[in-house]
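Here is a short report on one protein model.

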Amino acid sequence: MPHSTADEVNFCLSIPVTLENDRLQLVPLITKKHAVPFYENALRYPEILQYLPCGPFESIEDLTTGFLDKFNGSDPAHILFAIYDKTRPSTAYGATHEFAGIVGMINSSAEHLKTEIGYLAILPPFHRTHVTSNVVGLLLHFCLDPPTLGGLGLRRVVWQANSLNAPSIRAAERMGFQHEGILRWDRVVPPGTGKIGISRVGKDGEQRIGRHTVILGLCWEEWELEGAREMVDKVMARAS
C-alpha cells in the first residue's frame, strides 16, 4: 500500500495516500485543497457541527487557524480526511467525485497502538446512504487489520459521542463498537454556538450547558476473533 509523504501531513502513524473501495474515497485533508468545500458546506448545513467541539466558523480564516491547522502539522496525534462519494461524479472544487464530509483519526498513539474515530461530519445529502458505514468500515479495516492485510494492526479504536447524539451512538453500535461507560459532565458547551447539551443552573442562577460523553470501543480481539470484521463487511456491502 503506498504511503503519503506529503509535507502537509504530520501524523504519528503511517497513512496511505488514499483509503478507498469501489464506493468511497478518503484522502488526508490538506487545508489549501479542502478548506473551501468544508467551509461552504458547513455554512449550508450548520447542523453538521451541532455535536462537534469545533465551529461555527465566522470565516474561512477562522476555520483554518482555529481548527484545521491543529490537524495539519501541529499535533501528530490527529489527522483529518476528506470524504468523497465515488458513486456521484462531480467537477466541483476540482474533484472528480462529490465531497461528502470529513472524518478524523484523533488521540492516536503509535506507542499504545490505539486511535479514535472522531470529527465525523457527513453532509445531509449523504445521510442514510452507504457513506457513513463505508467511511467507518474503511477506517476500521485500516486500523485493526494486521500489516499483512495492509492495516496498522492497532489494538483499540475508540468512539466518543455526546450522550444526546443518538444517531452517532447507533452508528457506532451498528459497526461493532461496544459501550464502555459514560463520562458525566465531561465537557462545557460554549453558549451561543448552537451546540446541543444538558442544561445546568449554577448557584448564581446562571444557566450553563454541558455534555455527558458516551465511550465506545472496538478492540483487536473482537475484530479478529469474535466476528466484528465480517459483520462490518456485511454492513458496508449494503446499499444504504
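Which strand gives the most to the lining of the largest pocket? Strand 5 does, with 7 residues.

## Basis of the model

This is a predicted model, in which local features need pLDDT of at least 70, side-chain atom pairs count only at pLDDT 80 or more, and totals for chains, interfaces and linings use all residues. Residues are numbered from 1 along each chain as its sequence is written, and side-chain values use heavy atoms, with hydrogens and water left out.

Helices (H or I, at least four residues) and strands (E, at least two) are DSSP runs, numbered from the N terminus.

## The largest pocket

The largest pocket has a volume of about 1100 Å³. Of its 39 lining residues, Leu120, Trp159, Asn165, Pro167 and Ser168 are the closest to its centre. A pocket here is an open set of points on a 1 Å grid over the protein atoms alone, where a 1.4 Å probe fits, with protein on both sides within 12 Å along at least five of seven lines. Lining residues have an atom within 4 Å of a point. Grid points are joined across faces, edges and corners, and the volume is the space filled by probe spheres set on the points.

Strand 4 (97–109), strand 5 (114–122), helix 3, strand 6 (156–162) and helix 4 (166–174) each supply at least two lining residues. By class, the lining has 19 nonpolar, 13 polar and 7 charged residues. In this count, Ala, Val, Leu, Ile, Met, Phe, Trp, Tyr, Cys and Pro are nonpolar, Asp, Glu, Lys and Arg are charged, and the others, Gly among them, are polar.

## The nonpolar core

The largest nonpolar core has 70 residues. Leu26, Phe67, Met105, Leu140 and Phe177 have the most contacts inside it. Helix 3 (residues 131–144) gives the most to this core, with 9 residues. Such a core is a set of buried Ala, Val, Leu, Ile, Met, Phe, Trp, Tyr and Cys residues joined through side-chain atoms within 4.5 Å. Buried means under 20% relative accessible area, exposed over 50%, and partly exposed in between (1.4 Å probe, protein chains only).

Take Met105. Leaving aside neighbours within four places in sequence, its contacts (heavy atoms within 4.5 Å) include Phe11, Leu13, Ile79, Phe81, Leu139, Phe142 and Leu152. His78, Thr115, Glu116 and Cys143 are also among them.

## Cysteines

How many disulfides does the model hold? The count comes to 0 disulfides, where a disulfide is a pair of cysteine sulfur atoms within 2.5 Å.

Cys143 is buried, at 0% relative accessibility. Its sulfur is 11 Å from the closest cysteine sulfur, in Cys12, so the two are too far for a bond. Cys219 is also buried, with a relative accessible area of 14%. The sulfur of Cys219 is 12 Å from the closest cysteine sulfur, in Cys143, again too far for a bond.

## Backbone details

The peptide bond from Gly55 to Pro56 is cis, with omega near 0°. Pro56 lies in the loop between helix 1 and helix 2 (60–66).

Two residues other than glycine have positive phi. Tyr119 has phi of about 50°. Tyr119 sits in strand 5 and counts as buried at 18% relative accessibility. Trp185 has phi near 50°. Trp185 lies in strand 7 (residues 178–189) and is partly exposed, with a relative accessible area of 44%.

## Sequence and space

Thr129 is in the loop between strand 5 and helix 3 and is buried, with a relative accessible area of 17%. Ala92 lies in the loop between strand 3 (79–89) and strand 4. Ala92 is partly exposed at 38%, and its C-alpha is 8.7 Å from that of Pro37, 55 residues apart along the chain.

Other pairs are set apart in space. Gly202, in the loop between strand 8 (198–201) and strand 9 (207–219), is buried at 8%. Gly202 and Glu98 are 104 residues apart in sequence and 46 Å apart, C-alpha to C-alpha. Leu43, in helix 1 (residues 31–44), is exposed, with a relative accessible area of 52%. The C-alpha atoms of Leu43 and Val9 are 26 Å apart, at 34 residues along the chain.
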